[in-house]
Amino acid sequence: MTRKVAVFGAGYIGLVTGACFAELGHAVVVRDIVPERIQMLRAGDVPIFEPGLGDMIARNQDRLSFTLDADEAVAEAEVVYVCVDTPPMPSGDADLSRVFAVIEALKGASHLTAVVVKSTVPVGTGERVRAALDAAGLEHVGYASNPEFTAEGKAVGDFMHPDRVVVGVWEDATAKLITELHEGVDGPVLVMDVASAEMTKLGANAALATKISLTNELATVCEATGADIEQVARAIGMDPRIGSHFMKAGLGYGGSCFPKDSRALRALATNSGHPFQLLTAVIEVNDLQSRRHIQRLKAELGGLRDRTVALLGMTFKPGTDDMREAPSTIIASRLLAEGATVRCWDPLAEPGAIEPWTSVSRHATPLEAVSGADAALIVTEWPELAGVSWGQARTVMRRPLIFDGRNLLDPQTMKGLGFTYMSVGRPT
Ligand code: UGA
């Protein structure tokens with residue numbers, strides 16, 4: 001059965017959710033508070049880079065509209081999806097003010113059957129939203145937590161073909177409604193209580209972040225003992241109890257989710273009187289990861305003052321333009337603070353995220369970026385970097401040093417080209 005859905009928030013999650021629900025046949029209104037964003041969407045442009053999203057929005061335009069007006073969004077809505085951001089406050093706790101602003105805006109909603117929170121929130125938020133709904137005279141409206149598990153760059157596929165759809169509810173009727181809303185989605189729906197759904201989201205990201213920090217710690221021990229993390233991680237991951245995903249050593253995890261969510265879960269645990277020691281270690285390992293490798297680079301270069309370093313890849317992972325909490329930002333700041341000159345290349349990074357660093361020059365190609373550099377540091381494993389003519393790169397660099405922070409290139413090939421080649425957790 002098709003439903004009228006209002007999605008609050010036209011960021012990564014809101015846009016993907018809105019477009020996918022329209023694809024499933026529902027009538028969707030997406031509301032955001034940023035006028036330029038809504039103007040762009042109305043003009044047929046997508047303000048974020050997400051493969052497949054633009055096409056999906058275009059082919060569902062009859063069922064998908066965009067508005068700045070909250071009243072217009074909720075006027076007909078049967079289901080409201082809350083997909084606003086919940087940024088961390090200095091304490092690490094999530095700032096829920098935007099979530100509650102949406103609830104405030106629902107007072108006049110006369111067709112509303114359910115409010116669903118998709119934003120990542122601390123456990124216990126559902127109870128607070130329920131109380132706010134009751135206070136707003138919306139006691140009859142159901143509530144669900146429906147966290148998202150989509151990764152940027154493949155969010156549309158993750159939504160339509162998920163490992164699982166998690167639906168946290170207090171009433172069967174709301175579970176039935178949200179399950180029906182997902183008809184056509186190719187994945188199992190798991191119905192549970194609200195607190196468990198909220199915890200599943202934070203727990204899943206904590207598990208993935210833990211796997212990455214474990215791999216990075218193993219890589220450090222590999223470096224010290226002459227073992228090769230690539231071989232070790234491959235062999236470990238072949239045990240299905242462990243699994244091979246998220247065992248790629250590198251310069252640490254970044255992005256809008258893992259750093260924020262792991263800190264939020266740690267804050268939640270501390271506030272509940274149970275300091276989460278393992279997660280604290282996972283976060284510390286990640287915070288140290290890029291710093292430790294800059295130290296290795298510094299030692300190899302005999303200091304960073306007056307050295308030129310080319311950063312290859314700036315986004316927090318390939319396949320996105322997103323620079324939020326990207327390791328490159330920590331690395332660039334550190335290099336500049338130590339007196340190095342920083343050049344960079346990235347095929348997609350949002351210009352706005354690099355421009356404020358007037359001292360970091362951006363170049364159109366990796367070859368141009370490494371020209372005159374004392375070291376090339378691969379920060380993001382863009383596939384383009386594997387195709388660079390490294391032989392040519394060597395001739396334009398001041399010093400033939402590559403620090404491959406994502407273990408993208410083949411050590412023997414690079415050494416054969418005359419490079420000093422350093423990487424993460426592999427013998428030098
Ligand atoms: C992550 C999760 O993968 C999604 O399941 C989740 O829904 C999402 O967060 C979210 O909470 O919204 P995302 O942040 O888009 O998705 O990116 P990932 O592909 O998970 O990568 C995160 C970071 O981990 C990147 O910096 C990546 O380079 C790093 N990473 C990943 C590694 O260093 N090693 C790995 O083996 C895998």
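A residue counts as buried if 20 or more other C-beta atoms lie within 10 Å of its own, exposed if 12 or fewer, and partly exposed in between. Keep that in mind as we walk through this predicted model.

Let's start with Lys-248, which is found in the loop between α10 (229-237) and α11 (258-271). Lys-248 has 19 other C-beta atoms within 10 Å, so it comes out as partly exposed. Ala-249 lies in the loop between α10 and α11 too, but Ala-249 is buried, with 26 other C-beta atoms within 10 Å. What is Ala-249 in contact with, leaving aside its neighbours within four places in sequence? The list is Thr-215, Asn-216, Ala-219, Ile-229, Ala-233, Asn-407, Val-424 and Gly-425.

Six strands form an open sheet with parallel pairing, and reading across you meet β11-β10-β9-β12-β13-β14. β11 and β14 (420-423) stand at the edges with a single partner strand each, so one side of each is left without a neighbour in the sheet. On average, neighbouring strands of this sheet are turned by 20 degrees against each other, direction ignored. Zoom in on β9 and β10, and you'll find them paired in the parallel sense over five bridges. One place to look is Leu-311, whose bridge partner in β10 is Cys-344.

α12 lies across β12 (375-378), β13 (401-404) and β14, running at about 165 degrees to β12. α13 lies across β9, β10 and β11, and runs at about 175 degrees to β9.

So which residues of α13 (residues 327-337) are buried? They are Pro-327, Ser-328, Ile-331, Ala-332 and Leu-335. These residues sit on the same side of α13 because they cover an arc of only 125 degrees around the axis. The buried residues of α13 pack against α12 (277-301), β9 (308-312), β10 (341-345) and β11 (360-363). After α13 comes Gly-339, with a positive phi near 90 degrees.

Key. Residues are numbered from 1 along each chain as its sequence is written. This is a predicted model: local features need pLDDT of at least 70, side-chain atom pairs count only at pLDDT 80 or more; totals for chains, interfaces and linings use all residues. Helices (H or I, at least four residues) and strands (E, at least two) are DSSP runs, numbered from the N terminus. The arc is that of the directions from the helix axis to the C-beta atoms. Two residues are in contact if their C-beta atoms, placed from the backbone, lie within 7 Å. Two strands pair if DSSP finds at least two bridges between them. Axes are lines fitted to C-alpha atoms, for helices over the stretch in contact, and angles run from 0 to 180 degrees between N-to-C directions.
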